Amino acid sequence: MSQTHVYVGCASAGTVDVFAFDPQAGTFTPAAPSAEVDAVRSLAADAERGLLYAGSSGKPPRLTALRFDRASGALSEAGAVELADSTAYISLDADAAAIRSASYHQDVINSVALDADGLPIAPAVRAPSPGAKAHSVRSSPDGRFVYATSLGSDRIVWYSVAEGDRAGSLALAGSVDAAAGSGPRHLIFNADASLLYVVHEMSGEVAVYRRDGANGALEELQRIASVPASLGLKPGFARSSGGPVPGPDAIWCADIRLGTQGRYLFTTERSTSTVSTFAVDPDTGLLTFLRTAATEHQPRGAAVDATGSHLLVCGEKSGHISAYRIDPTDGSLGITDRAATGAGPLWIEVVAHE
């Protein structure tokens, strides 16, 4: 019988919460006790191996591999390594040979090799810096390139991956500049990886890039606002530990997701606690802004369930996660359930398996 489990990384609580999710009803059920992971920031799953990876920025930062029970969703620690740098974002490489980590505070990308069982091997290997405040990193589906954002330097870079050394060092292969002060944050590929979508934290824009599969190069096709003027926000600026904090009227976008088989794209904005919806042109992949709607307080993380029919959003300040059914005709969101989480939920990872 098919099972869907939703894992929520709660940084303030230091836990990964476990829910069963019913994609027909769109409802959550607490499924197992929370796993303790200090200062967890992001998650990545390997459903085939039955592993959930947690990147945390405690002292010291760590990458933890958690084994999940396929029936109950329960988590147990399988292995861990210390990281030299804090982590804001982790992702599993295309061939599951490495975890890539982006460090916002140390401005670097790290690669952590995985053994044959999927367990992390120390030490991590640093790549050339993508620029200031690295915020996300993802492998292309063919595993030949790794893409990262530099929020502080307004840049997106791509690295080449050496054949036969998938978990080793990354070589800087190219970059493209974003608009000054825009702050490229999170990125996501379309289904065939011919396009890359990037949400910008401070300008609130989404950029659409054509991707050259042969050399990894990006060409900007579109830049479109996700924050309508009616929200009354102004451009934000990059945040630093101990530095000034933008006011409550500053644009502060967070996550980006594709749903309903890539027909709709969603972004979250934290200052107004809203989610924006775009229609995706089926032929070109270009975006048309549709609407914005209220969601959880300070929506840091989002995900789409395995069927593509529900958007899940967690509120860093609300301590809850909500599920919304995506209307296949117009992309509108209808809430189906809401559940309490540990304090400070930042990341949602969905795992579907038999």
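Analyst: What follows goes from the chain as a whole to its charged pairs.

This is a predicted model, in which local features need pLDDT of at least 70 and side-chain atom pairs count only at pLDDT 80 or more, while totals for chains, interfaces and linings use all residues. Residues are numbered from 1 along each chain as its sequence is written, and side-chain values use heavy atoms, with hydrogens and water left out.

The protein chain has 28 strands and 0 helices, where strands are DSSP runs of E with at least two residues and helices are runs of H or I with at least four, numbered from the N terminus. Its radius of gyration is 19 Å, close to the 20 Å that the globule rule gives for 354 residues, so the chain is as compact as a globular protein of that length; the radius is taken over C-alpha atoms, and the rule is 2.2 Å times the number of residues to the power 0.38. Of the 354 residues, 56% count as buried, a class that means under 20% relative accessible area, with exposed over 50% and partly exposed in between (1.4 Å probe, protein chains only).

The chain carries 27 positive and 39 negative side chains, Lys and Arg counting as positive and Asp and Glu as negative, with His and the chain ends not counted. Side chains of opposite charge can pair when their charged atoms come close. The structure holds 13 salt bridges, each defined as a side-chain nitrogen of Lys or Arg within 4 Å of a carboxyl oxygen of Asp or Glu.

One of these joins Arg185 and Glu201, at 2.7 Å from N to O. This pair links distant parts of the chain, since Arg185 lies in strand S16 (residues 184–189) and Glu201 in the loop between strand S17 (195–200) and strand S18 (205–211), 16 residues apart. Arg185 is buried at 2% relative accessibility, and Glu201 is buried as well, at 4%.

Another salt bridge is formed by Asp46 and Arg49, whose closest N and O atoms are 3.5 Å apart. Here Asp46 counts as buried at 7% relative accessibility, whereas Arg49 is partly exposed, with a relative accessible area of 26%.

Glu220 and Arg223 also meet in a salt bridge, at 3.1 Å from N to O. Glu220 is partly exposed at 36% relative accessible area, and Arg223 is likewise partly exposed, at 24%. Finally, salt bridges that share partners join Arg185, Glu201 and Arg270 into one network.

How values were computed
Charge placed at Lys NZ, Arg CZ, Asp CG, Glu CD.
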